[in-house]
Amino acid sequence: MHTTLPFVLILLAAAVLVVVAFRIARLPPMLGYLLVGIVAGPHALGFMPESENTRYLAEFGVVFLMFSIGLEFSLPKLIAMRRTVFGFGAAQVAATMTVVLLFCLLYGLDWRAGFALGGVIAMSSTAIVSKLLSERLELNTHHGRQIMGVLLFQDIAVVPLLIIVPALAQEANGMMAATLAVALAKAAAALALILFLGQRVMRSWFHLVAMQKSSELFMLNVLLITLGLAYFTEFAGLSLALGAFLAGILISETEYRYQVESDIKPFRDVLLGLFFVTIGMLLNLGEVVAHWWAVAAVFVALVVGKTMLVAALSRALGSDHGMALRTGLGLAQAGEFGFVLLAQAGSLHLLDDDPMQVVLGAMLLSMMVTPFIIQHSERIARRLSSTEWTNRAMELHQIAVQTMAIHSHVIICGYGRSGQKLGRLLEQENVPFIALDLDPQRVKAAAAAGESVVYGDAARREVLIAAGIVRAKALVIAYSDTDSALNILSQVQELRPGLPVVVRTVDDSDIDRLKDAGAAEVVAEIMEGSLMLASHALMLTGMPLNRVLRRIRETRENRYNVFRGFFRGISDSETDDDMQLRLHSVLLNVGAYAIGKTLAELRLENCQVDITAVRRKNTRSLTPAPDSRLEAGDVLVLRGNQESLACAEMRLLQG
């Protein structure tokens with residue numbers, strides 16, 4: 001116990017500090033965990049000794065990662081994307097493994113080591129790439145769908161690779177073939193047993209557990225199913241990860257999938273973080289520095305080689321040069337499952353320490369530069385693709401042709417459900433509009449129906465110019481993404497400062513930022529829903545319509561001030577941001593510092609809170625005066641974020 005606790009404390013302190021720094025820098029936390037392992041591991045500062053218990057605990061991170069992959073495994077989704085997943089994805093994995101195997105044979109490595117390294121290099125980072133594409137609103141673009149299809153196949157391909165790689169560790173060819181055959185037979189038997197028998201009982205069993213209405217029991221059941229099946233497959237001579245993957249597949253077919261995914265996320269993230277720390281501990285910085293030229297060569301070969309290979313395959317599927325380059329750049333890095341396979345190959349002695357250190361260093365570098373590669377992928381594609389400028393020019397020409405004959409129109413950014421409903425209302429009122437959207441399937445379907453929508457990124461200056469922003473009467477951002485909306489607002493302020501812009505958002509947390517950035521109106525979905533609910537209730541109580549309309553107008557003009565903040569409940573604990581405004585009641589008992597003082601004297605505004613009400617006995621004041629003197633038994637209702645409320649409560653009670 002005395003030797004374990006310091007290790008745990010060092011790990012937690014380093015992980016918290018580094019991950020906070022990486023989140024502030026908007027970099028993936030996974031890289032922070034890797035850095036913790038590198039710096040504090042046995043090959044650097046030596047704070048965290050490498051041990052079998054640590055590696056075994058970290059393996060549970062892979063278990064929960066594979067469980068999450070199984071939860072996302074959807075047969076209808078695979079069927080819909082079958083050409084991309086099983087065509088493009090399978091070609092990418094097979095081609096990458098073949099090229100790596102040939103290079104390894106050329107440099108004198110054993111073919112089994114080459115096969116394992118091929119599987120390692122073939123993987124790309126689902127966690128990093130999907131997050132970056134989502135932030136850039138590129139998941140529904142042509143290259144975004146290709147990238148996600150390939151990543152999905154890689155996630156599936158890692159399952160047989162986790163079975164095949166241990167079989168390669170057998171020294172004699174005959175024994176290896178027999179071991180591989182036995183392993184595949186066991187995997188097929190386990191798959192059949194679990195999927196065919198388990199599928200019949202899983203839904204009814206989860207329904208029975210859920211009927212008990214106990215979150216603790218539900219969570220225990222999830223852990224039992226996940227770890228139980230993982231143990232079953234390990235007992236059968238396979239891997240823990242395979243059982244967890246099958247458990248995820250079973251639960252994904254039930255209606256409890258999303259609840260399970262939410263419950264398992266903390267375990268997965270913490271243990272997966274520990275796994276990446278242990279991967280970082282494997283890296284010997286001394287070896288990497290001593291062989292820096294080899295690391296650099298492998299890094300360049302990895303990034304450039306995968307980019308070219310994936311781009312060539314994308315071109316073979318009919319993509320243009322620009323789209324193919326973006327797809328290649330998105331998949332150029334190594335992936336988290338590559339680390340899993342590399343660690344497995346190292347523990348089975350398929351790889352010597354020197355080549356393993358070189359490959360590990362190159363993989364880490366490739367993941368660290370991924371955010372910058374994807375950020376500049378547009379610029380790289382334009383520079384390297386001779387047809388990219390032509391395609392962009394055609395896109396802008398198409399937008400300009402559609403807007404050339406109209407003026408005083410409305411530009412709708414985003415043509416999802418909200419944008420389409422707005423477009424139909426404008427059409428009924430004979431108000432011209434042009435909609436911009438990045439989903440080619442949606443644009444094609446809507447344009448074929450005769451609707452005024454074109455493919456284009458509203459955050460780009462040239463697209464807004466082509467859409468006729470100088471002649472437009474208003475612009476509406478019809479999707480709720482604050483970062484993208486701020487980008488569009490900055491472009492509008494530069495091109496047409498006086499243009500009214502209406503922005504859609506989810507709640508009140510970003511209203512002030514969007515207003516300050518130039519939005520004329522911010523429509524908060526939760527606030528508008530509450531406002532409509534209140535207006536109907538007021539009219540049903542007999543309040544005159546003109547008074548209800550006046551109250552609605554005043555609420556909107558005051559930026560929904562009366563609605564902002566909420567009393568937090570148990571159901572809000574996992575879903576709401578700690579920085580979101582909330583309401584909090586403070587009772588002034590005898591001896592409280594604030595008793596006898598006025599609200600002005602307390603200077604609660606320094607804690608960045610508002611006083612929305614003061615209750616004294618049976619009287620509730622919604623607009624307390626600054627000179628109001630507080631008494632024992634008063635209840636103050638405060639509004640602010642969690643940190644501000646804690647500051648204000650301490651000042652009221654202790655001074």
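1. Basis. The model is predicted, with local features requiring pLDDT of at least 70 and side-chain atom pairs counted only at pLDDT 80 or more, while totals for chains, interfaces and linings use all residues. Residues are numbered from 1 along each chain as its sequence is written, and side-chain values use heavy atoms, with hydrogens and water left out.

2. Disulfide. A search of the whole structure returns 1 disulfide (a pair of cysteine sulfur atoms within 2.5 Å). The partners are Cys607 and Cys647, whose sulfur atoms lie 2.1 Å apart. The link of Cys607 and Cys647 is left-handed, with -50° about the S-S bond. This pair joins distant parts of the chain, 40 residues apart: Cys607 sits in the loop between α27 (599-602) and β8 (610-616), and Cys647 in helix α28 (residues 642-654). Helices (H or I, at least four residues) and strands (E, at least two) are DSSP runs, numbered from the N terminus.

3. Cysteine accessibility. Cys607 counts as buried because its relative accessibility is 4%, whereas Cys647, at 32%, counts as partly exposed. Buried means under 20% relative accessible area, exposed over 50%, and partly exposed in between (1.4 Å probe, protein chains only). Cys104 is buried at 8% relative accessibility, and Cys413 is buried at 0%.

4. Contact of α5 with α6. The axes of helix α5 (residues 82-106) and helix α6 (residues 111-122) come within 8 Å and cross at roughly 140°; axes are lines fitted to C-alpha atoms, for helices over the stretch in contact, and angles run from 0 to 180 degrees between N-to-C directions. The two helices, α5 and α6, are therefore oblique to each other (angles under 35 degrees count as roughly parallel, over 145 as roughly antiparallel, 65 to 115 as roughly perpendicular and the rest as oblique). Cys104 of α5 is among the residues that meet α6, whose contacting residues include Trp111 and Phe115; contact means heavy atoms within 4.5 Å. Ala, Val, Leu, Ile, Met, Phe, Trp, Tyr, Cys and Pro count as nonpolar, Asp, Glu, Lys and Arg as charged, and the others, Gly among them, as polar.

5. Contact of α5 with α8. The axes of α5 and helix α8 (residues 142-168) come within 8 Å and cross at roughly 60°. Residues of α5 including Phe86, Phe88 and Val93 meet residues of α8 including Arg145, Phe153 and Leu161. By class, this contact has 10 nonpolar, 6 polar and 1 charged residues.
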